[in-house]
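I opened this entry to look up how the chains are divided and where they touch. My notes follow the order in which I checked things.

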Amino acid sequence: MFKLWSTILKDIRILTRDKLGLIFMFVMPIVLAVVITAVQNSTFEMLNTNTVPMILCNRDTGEAGKQLEAAITKAGMFRIQTVTPDQTDEAISGRMHTKDAVIAIIIPADFTKKIKSKSDEIAVKALKNFGMQANDGVKTDSGSVQPITMLYHPVLQETFRRSIQGALRSALQVVQNKEVLKSLYFNLNEKAMPDSMEKELIGSQVAINEIPVSRSGSRNIPNASQHNVPAWTVFAMFFIVISLGGSVVREKLNGSFVRLKTLPTNYLVSVLSKQLTYLFVTVTQAAVVFSLGIWLFPSMGLPRLALPDLAGVTVVTLVCGWCAVSYAIMIGVFAKTQEQSNGIGAVSIVLMAAVGGLLVPSFAMPQSFQFVMKLSPLHWCLEAYYGLFLEGGKLKDVAMNILPLLGITLVIQLITLYGLRRKNLI
Amino acid sequence: MNQAAVRISSLGFTYPRQQAACFSNLNLEVTQGERFGLFGPNGAGKTTLMNCMTGLLNYQQGSVQLLGHEIAHHKKSINRLFGFVPQDFSFYQELSPAENLAFFGAWAGLGKSEIKTKTDELLEILGLTDVRKKKVQEFSGGMKRRVNLAIGVIHNPQILFLDEPTVGVDVHSRHAIIHYLKQLNENGTTLIYTSHQLSEAEDLCNKVALIDDGRIIAHDTLEQLMFDHKEDGLEGLFINLTGKSFRDS
């Protein structure tokens, strides 16, 4: 026990004297959690609080164009700059190059006329199908409705464009439905639809009730902090490979290892000491980042991190930390130089994060990657944390994520043991 | 009659993935209490032989016994019997001399109070008391050599293996190290020493062996060897027995 304690003390001393390593281990997860949460949070807010800058050019002089303009404004996603109808497409594009707006909507000149004509056509067809007499006096223009033009800046990512398109389609649908209903009403009653009825028919959309699936029964909507803080904490835990893997390699190369081998103590004591010391580091990393999420994020304008079941978080953090430490030691045992350890360690962590669902949600992973994904320890760490942070689960609810993680950790430990024996280190 | 500190019989060793054997049927005996010097040109097999004696390399044939214990069979328990001072600085540069001694003392099987006593004693003898709390990485080469030696002897080993313990140090540090090694030997520690500093070896060693191409080509007291080969120094004896050609392998 005295040997183990002396070794832990030695490891702690070396660790605390490596200022750069400490900064890397503690500042990196904080920066990652803050920056990525802030970015995702601002993205979320951008789509929900009128912050997508848009140029709107309505070349139509009729009622439908105005209604579409109103519906787009009402969508609540855009900060609209209206330009005069005489602005050419090129002029509008020119303004977008200077990033005055990332999106521009051009309503064509005969939009009202065409929409009205198409609505009348639909109404006549519908009434005939019902065996009713339609007003044949209605003249229809058989030409199709010209599309609404949506110009977008190339910086706008596809997911953004799809969200914006969805909002536009919804606005367009409102206008089209209104015209069809008005036409039907006119054909049936030979008079215009009263405003009150128009409002009742159009405004009676069925609401969507969004409820997050939660094991605790809570209806709190998971925010960007709940998503990002645990995810990037896991990433940072595994990134101790840079410090720990390097420490194992340094010990092997700097000659102290030769001395250790000639002393009457098994090198496994050193391996155990490193595991305990760095497990403490990973748990501290998690505690620091979670604390910042709880107490500092709100003062930075970021959503507060809600800490779930404490027993669950403690156990998951310990198991994730142990897995990260085991992986780092394995890399250190097999690497021949510090450069190898750093390079292989960093690249493999990024790859495991990518296939593990940290960069792309696991449900969106291609089928061919589903098996590979399950081999990544980061996947199980993430699933366990999400079970707690997003679904409000307890320890028993994430047990099935912890078990595979323990299995992977044991395999890593066995590989390390094999490496130590093969290299005549124990 | 003194017991053999080291007895090597019919030793055979070949490095993995190499065809030529480093040693085949090598025999050597070092008696307890000797100040034994092992010399030879570069690539002769000095370090490999020392690594076989300290258990760092697993030999394929023969036997290496330290104080009657076969090293291949009792590797870890036998490690209490000897100390090793490698040529490289074999300690943690981020730690102070006292912290290094505390750690390696624990690994050598000493208790807390023993470590403290031995640390104070060694730092005093080797002139490191004033810098006991300073990080070793800030030390000069000579000071680092003295720390390297202190760690090797903290557990009072009966046999001390020294692989070029004074390489690259100034006169004062060399004098302190050699003086201390003689003191240790007077107190019963067998020294097994290798170096290219032949004048230093003449001063320190009372028995020498010359190794070349994996074979012991001479083994006796220095005086007897010089008499036999009509040389008046170790350097002349060395050139006489190993030739003048370069050994850069």
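Into which domains is chain B divided? I found domain 1 (1–81 + 157–166 + 190–249) and domain 2 (87–156). I note that this is a predicted model.

I then looked up the spacing within chain B. The C-alpha centres of domain 1 of chain B and domain 2 of chain B are 27 Å apart. For the contact between them, I counted seven residues from domain 1 of chain B and eight residues from domain 2 of chain B.

Next I turned to chain A. Its domain assignment gives domain 1 (2–42 + 225–422) and domain 2 (51–203). Here I read 53 Å between the C-alpha centres of domain 1 of chain A and domain 2 of chain A.

Last, I checked the contact between the chains. How many residues of chain B are in contact with chain A? I got 26 residues of chain B, in contact with 19 residues of chain A. Two helices of chain B, helix 2 (75–78) and helix 3 (97–107), each supply at least two residues of the side that touches chain A. Helix 3 of chain B gives the largest share of that side, six residues. By residue class, I sorted the side of chain B that touches chain A into 14 nonpolar, six polar and six charged residues.

Key:
Residues are numbered from 1 along each chain as its sequence is written. Chains are lettered from A and ligands numbered from 1 in the order in which they are written. This is a predicted model: local features need pLDDT of at least 70, side-chain atom pairs count only at pLDDT 80 or more; totals for chains, interfaces and linings use all residues. Two residues are in contact if their C-beta atoms, placed from the backbone, lie within 7 Å. Helices (H or I, at least four residues) and strands (E, at least two) are DSSP runs, numbered from the N terminus. Ala, Val, Leu, Ile, Met, Phe, Trp, Tyr, Cys and Pro count as nonpolar, Asp, Glu, Lys and Arg as charged, and the others, Gly among them, as polar. Domain bounds come from an automatic or database domain assignment.
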